[in-house]
Amino acid sequence: MISVIDYKAGNSQSVINALSKLGIEAKLVSASDELSRSDAVILPGVGSAGETMNSLRELGLIETLDDIVRKNGVPFLGICVGLQVLFDHSEEGDTECLHWLGGQVRRFGKDSGRVPQIGWNEVRFQYEHPLVAGLDKCDFFYFVNSYYAVPEDGSVILGRSDYGPEYCSMAASGNIFAAQFHIEKSGESGLRILRNFAAIANKRIAEGSVC
Amino acid sequence: MLTKRLIACFDIKNGMVTKAQRFQDNIEIDPAEKVALRVYEEQIDEVIFYDITASSEKRCIDLDTVKRVAKLIYIPFTVGGGIKTLDDMYSVLKSGAEKISIDSMAVRNPELIREGSLAFGRQCIVLSMQVKKVPVTDKIKSGYEIAIDGARVMTGMDAVEWAKRGEGLGAGEICVNSIDRDGTMSGYDLDITAMICDAVNIPVIASGGAGEPEHLEDVFNKTQSSAAIISSLLYSPRMDRNYSVRELKEYLQGRGVHVRPWKDTVGNK
């Protein structure tokens, strides 16, 4: 079962709708014990990095996420702010983040034009990866963001996009995946990524690597 | 590079898509789900629903239709009409929309913009404005005045000033609806669209008047608008012909407008 973390103000329902259209079993989860039984986890993001970190802390989910994702290798997919909070720190509200990936989250500057960035932007995939299997090397996805991640280690950058500066629009490191764009709102290309993510989770179960 | 968005806009009444002219004389087209699915499959970039009678009938928005449509389309989905409170906004978001359009209610209670923005994030709040060309006065320096309640009531507010104020209060996007052009198929009002694009730093959506593919080319090449609303072009029975999203995108690409290209094998390799 895929757990979609529900922190009330978010767009978790849209993610559930998209998974359900694909026939993928998933449920909204906001309790730690339920989360600990997940085969895969999606952290949808709406709102700010600070609010997201606060919600995760208040719901007592940070330790559980650390256990299942970082220690046990459960596949994880962060969306939008769900990508940003994986890094060390965000300029948005001077927020200490999860430190799963090294790097900073910065605000788009004057050379980026209108902020927030709202709309479909091109993502250039940097290498082949099961998460983006079946997609063209460049494809368009729907973004809504004022901040962007700057990873320390360039090898975690799975996708790059431009909005003023070139930035990391998709990250992958082991079983941790994330997209700055809204996978659940990016039409058939976004649905393909969700399907690929479910396939990664199923493969892991089939290989019996579940603890 | 960020692409220019084509947004399909539907006026909904009792679960049916209708088409108006200058905010009046609505004719019924098809059930909301049918029209929404059609434009989704045609790869439209975004969808907006206005529940056009929610406000005047003093009832909440038709959430059942919103829920049914949200399960069919996996692209950004904005809903507006009769939204007065944070609770109304939350119900709409929970039904599967991710943006809320507020218009007359924001004029009556501008704090609604700030409250919504703080509660759900700036990106959720689209400030939609009904603008009408009027003589330039000391009070209305731009020569465009804000109207409310389906263009029936003039407010004495300057459109450009209201757009700036809306941005300051926390709106994430501004949708500029020209009352004079609505449903006329004579092209967007480029003057007010350009003035508002220059006045704010958030994305601006042009609305009202698209009747030819050239009108889209004009609004994107002659103003800084980030998106344009189309409806008659796609489905109005008053038009000599309707266009597919693919035709419009390919037309715009041929004229140097950067749009998300139409693809025939998307995600299905």
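**Helices, strands and a chain contact**

Trainee: Which residues of helix H3 (residues 86-94) of chain B are buried?

Mentor: Helices (H or I, at least four residues) and strands (E, at least two) are DSSP runs, numbered from the N terminus. A residue counts as buried if 20 or more other C-beta atoms, placed from the backbone, lie within 10 Å of its own; with 12 or fewer it is exposed, and in between it is partly exposed. In H3(B), the buried ones are Asp88(B), Met89(B), Val92(B) and Leu93(B).

Trainee: How wide an arc do they cover around the axis?

Mentor: The arc is that of the directions from the helix axis to the C-beta atoms. These residues sit on the same side of H3(B), because their arc is only 135°.

Trainee: What kind of model are we looking at?

Mentor: Residues are numbered from 1 along each chain as its sequence is written, while chains are lettered from A and ligands numbered from 1 in the order in which they are written. Local features need pLDDT of at least 70, side-chain atom pairs count only at pLDDT 80 or more, and totals for chains, interfaces and linings use all residues, as this is a predicted model.

Trainee: What covers the buried residues of H3(B), and which residue with positive phi follows this helix?

Mentor: The cover includes helix H2 (63-70), strand E5 (77-80), E6 and helix H5 (111-120) of chain B. After H3(B), with a phi near 115°, comes Gly96(B).

Trainee: How many of the nine residues of strand E7 (residues 125-133) of chain B are buried?

Mentor: Strand E7(B) is largely enclosed by the rest of the structure. That is because its buried residues number eight.

Trainee: Which strand runs antiparallel to E7(B)?

Mentor: Strands pair if DSSP finds at least two bridges between them. Strand E6 (residues 99-102) of chain B is parallel to E7(B), with three bridges, and Ser101(B) has Val126(B) as its partner. E10(B) is also parallel to E7(B), with six bridges, and there Met129(B) is partnered by Val176(B). Lys132(B) stands opposite Glu145(B), and the antiparallel strand, joined by four bridges, is E8(B).

Trainee: Is Asp94(A), with its positive phi, buried or exposed?

Mentor: Asp94(A) is not a glycine, yet its phi is about 45°. It lies in the loop between strand E5 (89-90) and strand E6 (95-96) of chain A. Because 9 other C-beta atoms lie within 10 Å, Asp94(A) is exposed.

Trainee: How many other C-beta atoms lie within 10 Å of Met185(B)?

Mentor: Met185(B), in the loop between strand E10 (173-178) and helix H7 (190-199) of chain B, has a positive phi of about 60° although it is not a glycine. Met185(B) is partly exposed, because the number of other C-beta atoms within 10 Å is 18.

Trainee: Where is the cis peptide bond that ends at Pro116(A)?

Mentor: Pro116(A) belongs to the loop between strand E7 (103-107) and strand E8 (117-125) of chain A. With omega near 5°, the cis bond runs from Val115(A) to Pro116(A).

Trainee: How many residues does each chain bring to the contact?

Mentor: Two residues are in contact if their C-beta atoms, placed from the backbone, lie within 7 Å. The contact takes 32 residues from chain A, and from chain B it takes 30.
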